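Open the model in your viewer and switch to cartoon view. Follow the stops below in order.

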Amino acid sequence: QVQLVESGGGLVQAGGSLRLSCAASGLSFNNYAMGWFRQAPGKERNFVAAISRTGDTTLYADSVRERFTISRDNAKNTAYLQMNSLEPEDTGVYYCAAGAQRSIRTNPYYWGQGTQVTVSS
């Protein structure tokens with residue numbers, strides 16, 4: 001059974017930083033692209049960032065580019081999202097996802113349960 005378990009969320013002041021982790025099990029981790037998505041209160045879940053299977057290619061939503069960094073450690077079956085210069089608009093539940101490289105942004109195969117990130121002004 002595939003499991004994606006996010007951790008690292010919490011409450012932070014604007015301008016602060018958080019690092020999210022996504023521990024994967026039950027799948028061949030290095031065969032999947034990984035992505036992060038977020039859902040703000042009352043809004044749809046949106047794409048944040050994605051990384052290729054080998055980690056050599058990354059994609060970001062315009063709103064987080066230059067502030068967030070996605071990475072992965074295939075030896076640890078873990079993906080990360082380093083979030084710097086956080087803004088109140090970054091508040092939401094952050095979800096980790098795994099999927100095919102060609103469709104990770106739009107149609108991931110697997111989802112985690114999410115971790116709450118709250119940025120206070």
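Select strand β2 (residues 10–13) together with β11: the two run parallel and are joined by four bridges. Strands here are DSSP runs of E with at least two residues, helices are runs of H or I with at least four, and numbering starts at the N terminus. Two strands pair if DSSP finds at least two bridges between them. Zoom to Q13, which sits opposite S120 in β11.

This is a predicted model: local features need pLDDT of at least 70, side-chain atom pairs count only at pLDDT 80 or more, and totals for chains, interfaces and linings use all residues. Residues are numbered from 1 along each chain as its sequence is written, and side-chain values use heavy atoms, leaving out hydrogens and water.

Three bridges pair β9 with β11 in the antiparallel sense. Here V93 stands opposite Q116 of β11.

Zoom out to the whole protein. It has eleven strands and zero helices. The C-alpha trace spans about 40 × 25 × 25 Å along its principal axes. Colour by burial: 45% of the 121 residues count as buried.

Definitions and conventions. Buried < 20%, exposed > 50% of the residue type's maximum accessible area, 1.4 Å probe, protein only.
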